[in-house]
Amino acid sequence: MLRVEGVEVRFGGVQALRGVDLEVQPGSLVGLIGPNGAGKTTLFNVVTGLERPTAGRVLLEGRDITSLPPHRRARLGLGRTFQRIEVFSSLTVRENVLAAAEARRSWGRDEPDPERTARDVLRRVGLERVADARVEGLSTGLLRLVEVARGLATRPSLLLLDEPGSGLDGSESEQLGDLLLELVADGTAVLLVEHDVELVMRVCQQVNVLDFGQVIAVGTPAEVQGDAAVQAAYLGAA
Amino acid sequence: MTTFLALTLVGLVVGCIYALTACGLVVTYTTSGVFNFAHGAIGMVAAFTYWQLTVDWGVPSWLGLPLVLLVLAPLLGALVERVLVRPLYGAPVGVTLVVTLGLLLSLIGLANIAWPPTVTRVLPKFFDGRTVTLSSLVISGNQLLVILAAAAVAVSLRLLFTRTVTGIAMRAVVDDQDLVALAGTYPQQVAQLSWALGASLAALAGILLAPLVNLDILGLTLLVINGYAAAMVGRLRSLPLTVAGALALGLGDAYLVGYAPGDVVDVIKPALPMFLLFGAVLFLRQERLRSGSLTGVRMPRTPSLRQSVASGAVLVVVVWWLSGQLGEGRLATVGQGLVLGFIMLSLVLLSGYGGQVSLCQMTFVGLGAFAMGRVGGELGLLAAVGLAGAAGALVALTVVRLRGLHLALATLAFAQAMDVVFFKRSLGYGGSLAVERPGVPFVDVADDRAYTVLLAVALAVGSVAVLSLRRRAFGRRLVALNDSPAACATMGVSVTATKLVVFTTSAALAGFGGALFGGLRGSVSSNDFVLLNSLVLLLLATLGGLYTVTGVGLAAMAYALFPVLQDALPGLGQVAYLLTGMGALALGRNRYGLGGQLADLADRLRAARPARALRTEVAGAAG
């Protein structure tokens with residue numbers, strides 16, 4: 001479904017990503033973890049088109065999308081959330097999600113009733129209670145859910161989630177895990193950046209570990225947890 | 001050869017003055033992040049102050065010059081930073097723009113009071129009559145002074161920024177305010193210093209420019225605007241490139257006058273700086289979509305269809321009643337307010353909802369009036385909407401990559417260029433184009449009262465339409481685009497296409513307003529659509545509240561009723577500029593304007609309703 005091949009990104013003298021390869025199979029839930037500054041968000045930006053890589057390619061369902069603008073990629077089935085929250089602060093929660101469903105209608109022609117889609121998504125994510133509240137007063141955790149809901153409303157085939165669990169409490173994060181598993185069961189692939197290791201270990205089928213812009217380990221959650229290089233990256237080399 | 005040298009000298013002198021003003025602009029912008037649209041006005045006030053001191057009061061220039069350049073101008077700059085600019089750090093460009101525009105108008109207003117334009121004032125050239133001869137070239141003392149002053153300033157700035165602690169701190173503030181604060185320097189003090197320095201440079205440019213032209217308030221203010229173009233060549237950052245841009249502008253101007261045929265000069269010369277500005281802005285790199293750039297705008301609640309239709313009906317009834325009570329002159333004023341309100345609707349759509357700054361809205365209005373005047377009748381209305389809409393689309397296509405300040409400067413350049421290249425030629429300086437009123441079945445539009453009521457109907461219908469657009473998918477998309485372009489793009493929304501649509505719609509709406517405006521006036525002239533009027537329009541709309549239709553309606557009414565107040569309080573007219581300016585200063589504190597305040601009040605009243613009502617509401621929401 002998604003293939004990232006040898007992606008490099010350089011900001012001035014800083015090499016943010018070096019030769020990153022990554023693959024997400026259709027309908028799978030893949031984790032992307034790593035210490036702060038490892039390049040996770042940069043990789044998301046490269047995949048969704050907000051950042052141009054200095055080298056490498058991004059393929060979506062076999063098609064090279066490296067030079068496509070962000071909105072064209074979204075129309076091919078990419079959705080995402082942002083680590084630094086990007087909700088539409090002048091709109092209510094419902095309108096945030098509705099705007100996304102309406103966007104889908106404008107380019108997808110297969111969205112008969114955006115209002116209904118918005119209602120369904122809000123129920124699914126558990127935001128019904130605050131649907132008519134303006135987003136500005138909500139907690140960070142809820143704002144992250146608004147972003148997830150907005151991402152879902154465009155019905156992507158691959159959803160990239162950037163730390164959706166930060167700011168959620170224990171039970172909320174458990175619900176988020178359930179939601180992710182449900183999505184995957186419905187056939188949506190998910191690439192998940194998350195610091196909540198418990199959540200990642202619970203839901204992901206495969207985990208990629210990024211450190212200093214390089215993938216240092218790929219495997220099942222158990223394999224990655226036992227990997228010496230990963231432990232060194234997280235805890236400092238012994 | 002001698003001609004060439006002489007032209008080069010003239011161009012160099014003008015270029016040096018542009019360089020001085022542009023460098024001041026760049027210094028303040030890079031260290032404070034606020035672009036000072038009042039830069040030219042500060043130069044103008046300084047030139048007049050210098051005239052006051054040396055010519056009127058007879059203070060010797062060896063005392064007057066340092067007094068203005070080293071004491072008064074820096075004090076003014078520092079004061080402006082402290083009072084106006086400091087509350088603006090981190091505010092969206094639209095707000096900083098309007099506040100410095102307010103300052104611009106206030107200074108123009110003050111100057112009009114202090115130095116009434118009825119008297120001709122002349123600032124003598126420095127070292128008048130004395131010359132230096134360099135082979136075949138005769139250089140006047142004044143020219144030499146300008147070149148030497150510019151060179152001295154260039155060298156001093158270079159030394160300041162590379163050799164002194166303060167200068168290095170100034171450069172550091174540009175990179176990271178917080179880091180500089182951690183290192184023990186106060187970023188705000190550094191920014192204040194840069195505003196003082198900028199004001200000083202503006203003053204120097206103003207004083208050197210004044211003897212070459214006339215001491216004319218608007219002329220001096222706007223001539224220094226040419227420095228914008230040079231500053232943009234340096235991308236508002238690089239001083240050497242800025243100086244190069246300024247010199248190129250000065251020389252280009254001089255060679256054009258010297259070598260091009262007269263009719264070409266007439267067309268191109270006045271627009272040359274604006275072409276350069278437009279070109280420089282267009283060569284900027286595409287601004288990337290970034291996350292983490294939220295504007296933090298909090299838009300007031302949108303009224304429901306029922307509420308907006310009811311308010312529109314009330315407006316029409318009130319105007320109908322009022323128009324029966326007023327005399328002919330008053331009626332025209334009310335009509336003007338209504339038309340202005342209609343035109344401002346186009347700004348609510350474009351700048352309020354869509355967040356796209358436009359300093360050329362009156363240009364679209366002018367195109368609408370022009371089309372109506374040339375074509376006339378129902379077809380004229382269509383032509384007005386079509387021509388203005390097409391111009392809007394054209395502008396959008398060229399500036400679609402730009403945001404914020406760059407967009408503002410590009411639209412400013414477009415407005416100014418259209419003024420000198422198109423309106424002044426097609427409508428004439430003082431000349432005018434007759435514009436007929438659009439015909440409506442069963443209404444005698446020639447009757448002023450009927451036409452005024454018709455304008456009220458147009459405003460009401462326009463308001464209801466804009467509001468219902470806001471409640472629909474397109475409105476949500478616009479607001480979303482304003483809140484987060486990056487998130488919009490990742491939903492599959494084409495930012496480019498959306499901007500194109502909103503620019504075109506807004507321009508077409510303004511064009512329709514232009515046709516109505518022309519009909520109201522009976523005739524229009526190029527003076528109606530000058531850049532300054534676009535600035536005043538944006539300022540008024542922002543004061544009323546750019547995010548609300550009610551807000552711009554209030555602003556338009558305030559404008560219309562102003563002459564009525566003026567009758568009661570003679571002398572008010574002189575302070576009109578000043579009042580508008582003062583209002584803009586208040587925006588630094590509250591950026592939502594009057595309309596935003598009212599919406600807040602309504603929200604609070606709603607929240608304070610009796611508990612019984614609240615309980616019912618909760619029960620309703622739960623049910």
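Two residues are in contact if their C-beta atoms, placed from the backbone, lie within 7 Å. With that in mind, and remembering that this is a predicted model, select B:Ala47, which, leaving aside its neighbours within four places in sequence, is in contact with B:Leu123, B:Gly206, B:Ile207, B:Ala210, B:Leu215 and B:Leu220.

From B:Leu277, go on to helix H13 (residues 272-282) of chain B, where the buried residues include B:Leu276, B:Leu277 and B:Phe278. The cover over the buried residues of H13(B) includes helix H10 (226-233), helix H11 (239-259) and helix H18 (404-426) of chain B.

Next, display both chains: 25 residues of chain A are in contact with 23 residues of chain B. On the side of chain A that touches chain B, helix H2 (70-75), strand E6 (78-80) and helix H3 (93-108) of chain A each supply at least two residues, and the largest share, eight residues, comes from H3(A). The residues of this side divide into 11 nonpolar, six polar and eight charged.

Finally, select strand E4 (residues 55-60) of chain A, which is joined by five bridges to the antiparallel strand E1 (residues 2-11) of chain A. Within E4(A), A:Leu59 stands opposite A:Arg3, while in E5(A) the bridge partner of A:Leu59 is A:Asp64. E4(A) and E5(A) form a hairpin with two residues between them, and A:Glu61 in the turn has a positive phi of about 45°.

Conventions. Residues are numbered from 1 along each chain as its sequence is written. Chains are lettered from A and ligands numbered from 1 in the order in which they are written. This is a predicted model: local features need pLDDT of at least 70, side-chain atom pairs count only at pLDDT 80 or more; totals for chains, interfaces and linings use all residues. Helices (H or I, at least four residues) and strands (E, at least two) are DSSP runs, numbered from the N terminus. Ala, Val, Leu, Ile, Met, Phe, Trp, Tyr, Cys and Pro count as nonpolar, Asp, Glu, Lys and Arg as charged, and the others, Gly among them, as polar. A residue is buried if 20 or more other C-beta atoms lie within 10 Å of its own, exposed if 12 or fewer, and partly exposed in between; C-beta atoms are placed from the backbone. Two strands pair if DSSP finds at least two bridges between them.
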